[in-house]
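Please consult the structure alongside the points below.

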Amino acid sequence: MRELALNVLDIAENSLAAGAKNIEILLWADFGEDKMRIDIKDDGCGMDEETVKKVTDPFTTSRKTRSVGMGLPLFRYSAESTGGRFEIRSEKGKGTEVFAEYRIGHIDRMPLGDFGGVVLQMVTMNPQVDFTVRVDCGGKSGVLDTREVKEILGDIPLNAPEIRAFLKDYISENLVSIYGGRL
């Protein structure tokens with residue numbers, strides 16, 4: 001993958017395949033500490049301890065269509081190659097949390113990419129799932145909680161053209177305000 005936003009999309013797709021009804025995504029950066037963190041947490045079916053140990057092996061996958069799964073191994077590699085770290089916590093029947101930390105200034109850190117576009121895609125294409133997306137940097141933060149948006153909208157779906165356009169602008173403006181285009 002060429003950008004971290006695509007890793008986020010891949011992990012979220014894993015969460016959806018695991019039956020998650022709630023997915024939380026955190027994007028945190030501290031330019032003074034030269035650190036960035038991406039955390040994706042779900043309430044899907046979770047994994048047992050043995051599966052967690054094997055899941056970052058590219059030749060371990062739960063897919064039936066092919067015997068190779070590259071999403072988690074690449075996400076792990078992307079973090080560790082920058083001097084960062086990677087963790088997976090999961091409990092069968094309770095969900096999974098994937099955590100990746102990066103050194104922002106490291107030459108091998110992939111660009112964040114179109115994080116806003118990925119969030120928009122996930123939120124509007126999966127109306128049956130509640131997403132909480134939080135971005136933090138230097139005391140500035142923003143939260144998009146689809147439960148709150150759905151409550152305000154009532155019967156209007158998140159993928160209605162005017163709502164999708166509003167969400168696109170809202171997400172983009174918040175990312176620029178919080179990160180100033182630096183990721």
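The structure is a predicted model, in which local features need pLDDT of at least 70 and side-chain atom pairs count only at pLDDT 80 or more, whereas totals for chains, interfaces and linings use all residues. Residues are numbered from 1 along each chain as its sequence is written, and side-chain values use heavy atoms, with hydrogens and water left out.

**Overall fold**

- The protein contains 6 helices and 6 strands; these are DSSP runs numbered from the N terminus, with helices being H or I of at least four residues and strands E of at least two.
- Starting at the N terminus, the order of elements is α-β-β-α-α-β-β-α-β-β-α-α.
- The radius of gyration of the protein is 16 Å, which agrees with the value near 16 Å for a compact globule of 183 residues; it is taken over C-alpha atoms, and the globule rule is 2.2 Å times the number of residues to the power 0.38.
- Along the principal axes, the C-alpha atoms occupy a box of roughly 45 × 40 × 25 Å.
- Of the 183 residues, 44% count as buried, where buried means under 20% relative accessible area, exposed over 50% and partly exposed in between, with a 1.4 Å probe and protein chains only.
- Among contacts with a separation of 6 or more, 62% come from residues 24 or more positions apart; contact means heavy atoms within 4.5 Å.

**Helices α1 and α4**

- Two packed helices are described by the angle between their axes and the distance between the axes.
- Helix α1 (residues 4-17) packs on helix α4 (residues 115-125) at about 20°, with the axes 8 Å apart, which makes α1 roughly parallel to α4.
- Axes are lines fitted to C-alpha atoms, for helices over the stretch in contact, and angles run from 0 to 180 degrees between N-to-C directions.
- Angles under 35 degrees count as roughly parallel, over 145 as roughly antiparallel, 65 to 115 as roughly perpendicular and the rest as oblique.
- The crossing of α1 and α4 is right-handed.
- On the α1 side, A5, V8, L9 and A12 meet F115, V118 and M122 of α4.
- This contact of α1 with α4 comprises 7 nonpolar, no polar and no charged residues (nonpolar: Ala, Val, Leu, Ile, Met, Phe, Trp, Tyr, Cys and Pro; charged: Asp, Glu, Lys and Arg; polar: the others, Gly among them).

**Helices α1 and α3**

- The axes of α1 and helix α3 (residues 71-80) come within 10 Å and cross at roughly 140°, and the two helices are therefore oblique to each other.
- L4, N7, D10, I11 and N14 of α1 form the contact with G71, L72, L74, F75 and S78 of α3.
- By class, the contact of α1 with α3 has 5 nonpolar, 4 polar and 1 charged residues.
- Buried residues in α3 are G71, L72, P73, F75, S78 and A79, and their cover includes α1, β2 (35-42), β3 (85-91) and β4 (95-103).

- L120 lies in α4 and counts as buried, at 6% relative accessibility.
- Leaving aside neighbours within four places in sequence, L120 is in contact with R164, L167, K168 and I171.
- E3 lies in the segment before α1 and is partly exposed, with a relative accessible area of 23%.
- Not counting residues up to four places away in sequence, E3 touches M110, P111, L112, G113 and D114.

Definitions and conventions:
A crossing is left-handed if the near helix is turned anticlockwise from the far one by less than a right angle, and right-handed if clockwise.
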